Amino acid sequence: MASRISSSPEALRRELITLLERLEDTLEYGEIREQVRLMLSARALLRTMGSSVIDSSEARSARERILAYLKANVRTPVAGDELAMVAGISERARRVRELRSELGYAIVTGRTAVEMALEDDSLKSIPGIGSVKVTDYILLESAPDTDAATRWTRANTIRRKDTSVRSRLLEYLRTYVGTPVSGEELRYVADGATEWASRVRELRTEHGWPVVTRTTGRPSLDVCVYMLESDRQLPEHDRRIPDTIRIQVLERDRFSCTDCGWGESSWHKADPRNHLELHHLTSHADGGENSAENLVVLCNVCHDQRHRSDIDAL
Ligand SMILES: [Zn+2]
Ligand SMILES: [Zn+2]
């Protein structure tokens with residue numbers, strides 16, 4: 001067996017053909033058990049062949065081969081069976097989890113992508129996402145995130161809490177205000193609850209938490225990524241602005257504050273301005289509508305200022 005590891009795919013192919021020819025005779029005259037045993041040998045040979053297609057100088061272990069294969073197909077759904085083939089083992093799910101939580105690779109599972117696609121249009125920019133299967137995997141970035149191990153440990157602590165899916169999701173997002181969090185992490189915190197993606201959306205649309213994605217206000221974010229922009233809930237009157245209107249207003253005002261001009265590109269740690277909000281020119285209380293004409297983009301600081309001067313003017 002050890003000698004086979006170093007065999008070339010071509011040598012293995014020839015070996016397989018010899019085996020299949022033996023199978024031809026056996027199928028005609030042999031016993032069923034003999035046939036089955038030959039098929040098993042052929043399967044083992046195919047597996048060895050699969051793990052030989054990636055050069056051993058490039059990847060030495062099953063995990064490294066899975067990584068090399070995913071890296072050659074960044075942002076493309078890859079079937080779990082393909083990974084099993086190059087890995088040469090059946091434990092691919094565990095190897096993928098290690099790559100994700102120990103080494104920090106942003107690997108999205110097909111299941112997460114399918115559940116997320118129902119709520120998040122940003123995924124549509126990935127080729128083949130329309131036909132993604134729950135057994136697929138997608139590597140988003142070829143470089144790992146070095147902070148990942150800490151994050152997964154935190155996610156695990158929150159996941160184990162005996163609280164609702166929504167409050168666990170919120171707790172995790174609030175741990176990382178202003179930092180992108182992947183759908184995969186949120187799904188894990190929800191402990192696999194299939195409605196995790198709609199709960200995340202409701203945090204924004206019903207509970208007023210400024211959770212944004214690439215398609216709901218932060219075009220600079222990656223796909224499959226969410227971000228809680230600020231650790232505060234929007235006032236009731238700002239919550240039910242439809243996404244289409246929000247995007248329309250943000251685009252019209254060029255993603256910058258109409259009072260001071262602040263935009264995400266001028267973000268600085270020491271600056272209290274850290275995200276953009278929508279402000280009603282005529283407030284709901286005075287009959288103002290959630291229409292583009294009645295909304296303007298303000299940074300969080302200018303927005304506070306406007307409301308303070310409203311109160312002062314009373
Ligand atoms: Zn401003
Ligand atoms: Zn306002």
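Q: Which loop holds Cys-224?
A: Cys-224 sits in the loop between strand S5 (211–212) and strand S6 (225–228). Strands here are DSSP runs of E with at least two residues, helices are runs of H or I with at least four, and both are numbered from the N terminus. Bear in mind that this is a predicted model, where local features need pLDDT of at least 70 and side-chain atom pairs count only at pLDDT 80 or more, while totals for chains, interfaces and linings use all residues. Residues are numbered from 1 along each chain as its sequence is written, and chains are lettered from A and ligands numbered from 1 in the order in which they are written.

Q: Why is Cys-224 called buried?
A: Count its neighbours: Cys-224 has 25 C-beta neighbours inside 10 Å. Buried takes 20 or more other C-beta atoms within 10 Å, exposed means 12 or fewer, and partly exposed is in between, with C-beta atoms placed from the backbone. So Cys-224 counts as buried.

Q: What makes the phi of Cys-224 worth a look?
A: Cys-224 isn't a glycine, yet its phi is positive, about 65°. Most residues other than glycine have a negative phi. Asp-191 does it too, with a positive phi of about 55°.

Q: How do you know that Asp-191 is partly exposed?
A: Asp-191 has 13 other C-beta atoms within 10 Å, so it lands in the in-between class. You'll find Asp-191 in the loop between helix H10 (183–189) and helix H11 (196–205).

Q: What makes Arg-65 a buried residue?
A: Arg-65 has 26 C-beta neighbours inside 10 Å, so it counts as buried. It belongs to helix H4 (residues 62–71). Beyond four places in sequence, the residues Arg-65 touches (C-beta atoms, placed from the backbone, within 7 Å) are Ser-51, Ile-54, Ala-59, Val-86 and Ala-87.

Q: Why are H4 and H5 called oblique to each other?
A: Their axes cross at roughly 135° and come within 8 Å. Axes are lines fitted to C-alpha atoms, for helices over the stretch in contact, and angles run from 0 to 180 degrees between N-to-C directions. Under 35 degrees is roughly parallel, over 145 roughly antiparallel, 65 to 115 roughly perpendicular, and the rest oblique. H4 and H5 are therefore oblique.

Q: Which residues of H4 and H5 meet?
A: On the H4 side they are Ala-62, Arg-65, Ile-66 and Tyr-69, and on the H5 side Glu-82, Leu-83, Val-86 and Ala-87.

Notes:
Contact = placed C-beta atoms within 7 Å.
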